[in-house]
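Student: I have a structure to study. Can we go through it together, one question at a time?

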Amino acid sequence: MIIRWVCKKCSKEWIYPVERCIYCKDNVEKKISRKLKVVGFTKVNIPSVMHPIIPYNILILEDENGNRIPKKTIKDYEMGDFYEEESSKKENAVSIVKIKYDVDIAVEEALHLINDLDVNESSKILIKPNMMATSYPYLAITTNPKTVSAVIKYLIKKGAKKENISIAEQCIYAPFEAALKKTGFEQLCKSHSIKFIDLSKSKFVEKDIGGMNIKITKEVFDKDLIINIPVLKTHLLFGISGAFENIARAVSKENLLQIENLAKERKIDLDDVIAKLHKFLPKYITIGDGTIGMEGNGPLNGNPAFLNYILASKDPVAHDAVFNELGLFMRKSRYLEIANKLGLGENNIEKIDIAGNELNATARELSPAIGSKLMKI
Amino acid sequence: MHYIQGIGMTKFSIEDKNTMDFAQEAIKLALDDSGLSINDLDAVVVSNTDSRINGERQRHFNSFLSSFFRKNMPIIRVPAVCGGGGAALWSALRTDYDNVLVLGADKIATNTSQNVTDQILEAADKTYEQDEGMIFPAQNALVAQQHFLKYNSNEDDLALIALKNHEHAFLNPKAMFYKKNITLEKIKSSPIVASPLRLFDCSISVNGAAACIIGKKKSNVKICGSGLSVDYMTTFERKDMITWNATKKAAEDAYKQANVKPKDIDVAELHDAFTIVELISYEDLGFAEKGKGQELIRNGTVKLDGKMPINTSGGLKAKGHPISPTGISQIVEITEQLRGECKERQVSNAKIGLAQNIGGAGGTVSVHILEKC
């Protein structure tokens, strides 16, 4: 996909968003072309920090208007070959889309590559971002409101009604109102006229998970579509924080604190609990927010990783397995294997259908969460 | 009119010294060469890359220089990645001081090649180039491929450019490859870094510093042309990947100011970060018609004993490329050629010389023309 921002009047073009033409002041519109031909290529044999897997190819792709972009790929191409990223209809498909300045387009493309979402004007939709802390979005502890905004725009474009869309989350360690403001969600909800539900104040239904009575918010049971939008992060306990960790906050605060304490006392297996929880949750879509992402001692004390990609999948196990591979982590999150055995999704990377960017063409080494004496609790 | 008052440079090497140590040596040599003292300097224009990987963490290098000089004066820093040295000289020439020291100092060869490659990659666009693995050898490999396809040039032409520059460096005591015999066979059998470019098509990262003092007092070398131009960040958004307009525009300005034509140039230092860059620069600087640059290396025009010797210092390829000092080291070489001080690699009867310095893939280009007085 080649995106150009083009002045309607004087046809000047930019490779990044420009609000108005700097010459004639006219409006600038996005033009997207998908029919791309290979007009140049090179095979790179030396690794760099950002691109450790070699060899890889860089193609120069050209559209019918002569616009060009470079594209990294592991596959070999010849001059004149057509380049296309095909949408996957497989349930375990995971799309990887690198952001080219525009998060809206990246999210739209990520969802298109997993065969889009079935949405209409009566669809009741719940968006579950990460708002676990009182933190600015640039720290990547919480979901970037830009990503959530892009999802809302996508849903409305597909026919959903604003009044049927809600965002829901609860803060475990921070005052809800303060977090809502600092994370940028208050402003986001205002600008889109979307309501934000504090899940801690919602009604709950009780489920027996491995002998424990767990309360799960009722909000997730009366919706047609749930969209889980985790920040792609490292996590001291699970290795990574993705779909599973984020949706876990559909459980009541008291249960979450109880689980945390039992895990500290080694009375329960956290990976087992987080996997089994999914047996009681309705199906959901995951959109992994890698606009920034985190590496190091996540989920709270890591560093921004500047991943610059979006993931999307209808299979949360496959989604998290792909992020595990993208970070080249030695440790494979154990809950993925448990979840796979429970029939909750695919954890074998060889069996997952990757759409969009190739996994090995996107992967780079992220610092794992290993803890530090200086960490804030 | 500005004249070269003094020049100095360290040997380009992988020696492990602090950037400031390299800078001190180059400054001392330039001052000695000029006969001036620190008190005679009115201002300093410095270029360095703010490397994150050499362990120094010295971002405010201009103030650091003031600590060395023990003097308060204007010291400004001009960053333009690999084109920093030339851009610093261009900037200094636009000041009204009597004597300005122009300095480039960098320590690059201090880390794993992965980290150095990654550091240099920061000179490319983040979204379209860095994220897509467009390391600089790949950028230039794609340029080479386009030139091969359009103009029938080939890998052998690039190998001959590499060989020529190694032959020149063999004679230059300040070059990384001084007295190192590199054969055509070795060049052609070196590993492919980014097809079609081989290891010996790429310049070598080194440490070092270079300095020149420019001033209004007449000397034996004057700077008669100075052009600088900037092109779009990415080669793919330019109409033609193999014509670097910033070189053409900077050269046009420099030729006009100097009132000379490309055919008047007796000796030139070009920015051969990759052999293909030297080849397309023959064309963009007007030494050859577009698409015929390869003829200059095939017929020997650009060799030391040719009609227009190019990169007599060994170029970035074999003298070494320490990033910011590169552009000023070119001025050092041209000045020495015009003064007749190059001994074994001296170009006979050199009167007019040209230096072309590039930042990024044709992003920031300066062209300076020097004339023997």
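Student: How many bridges pair E5(A) and strand E6 (residues 68-73) of chain A?

Tutor: First, the ground rules: this is a predicted model, where local features need pLDDT of at least 70, side-chain atom pairs count only at pLDDT 80 or more, and totals for chains, interfaces and linings use all residues. Residues are numbered from 1 along each chain as its sequence is written, while chains are lettered from A and ligands numbered from 1 in the order in which they are written. Strands (E, at least two residues) and helices (H or I, at least four) are DSSP runs numbered from the N terminus, and two strands pair if DSSP finds at least two bridges between them. E5(A) and E6(A) run in the antiparallel sense, and the number of bridges is six.

Student: In E6(A), which residue is the bridge partner of A:Asn57?

Tutor: A:Asn57 belongs to E5(A), on the side with A:Leu59 and A:Leu61. Its bridge partner in E6(A) is A:Thr73.

Student: Which residue takes a positive phi in the hairpin of E5(A) and E6(A)?

Tutor: Five residues lie between the two strands of this hairpin. The phi in question is near 85°, and it belongs to A:Gly66.

Student: How many residues of strand E5 (residues 56-62) of chain A are buried?

Tutor: A residue is buried if 20 or more other C-beta atoms, placed from the backbone, lie within 10 Å of its own; it is exposed at 12 or fewer and partly exposed in between. A:Tyr56, A:Ile58, A:Ile60 and A:Glu62 point one way, A:Asn57, A:Leu59 and A:Leu61 the other, and all are buried. The count is seven of seven.

Student: Which residue stands opposite A:Ile60?

Tutor: Look to strand E4 (residues 36-44) of chain A, which pairs with E5(A) in the antiparallel sense over seven bridges. Opposite A:Ile60 stands A:Gly40.

Student: Now chain B. Which strands stand at the edges of the sheet?

Tutor: The open sheet has nine strands with mixed pairing, in the order E3-E2-E4-E7-E1-E8-E11-E10-E9. Each edge strand has a single partner strand, so one side of each is left without a neighbour in the sheet. The edges are strand E3 (75-77) and strand E9 (267-269) of chain B.

Student: Which residue in E11(B) does B:Ser229 stand opposite?

Tutor: Strand E8 (residues 221-230) and strand E11 (residues 364-372) of chain B run antiparallel, joined by nine bridges. B:Ser229 faces B:Val365.

Student: Why are H3(B) and H13(B) called roughly perpendicular to each other?

Tutor: Axes are lines fitted to C-alpha atoms, for helices over the stretch in contact, and angles run from 0 to 180 degrees between N-to-C directions. Under 35 degrees is roughly parallel, over 145 roughly antiparallel, 65 to 115 roughly perpendicular and the rest oblique. The axes of H3(B) and helix H13 (residues 325-339) of chain B come within 4 Å and cross at roughly 65°. The two helices are therefore roughly perpendicular.
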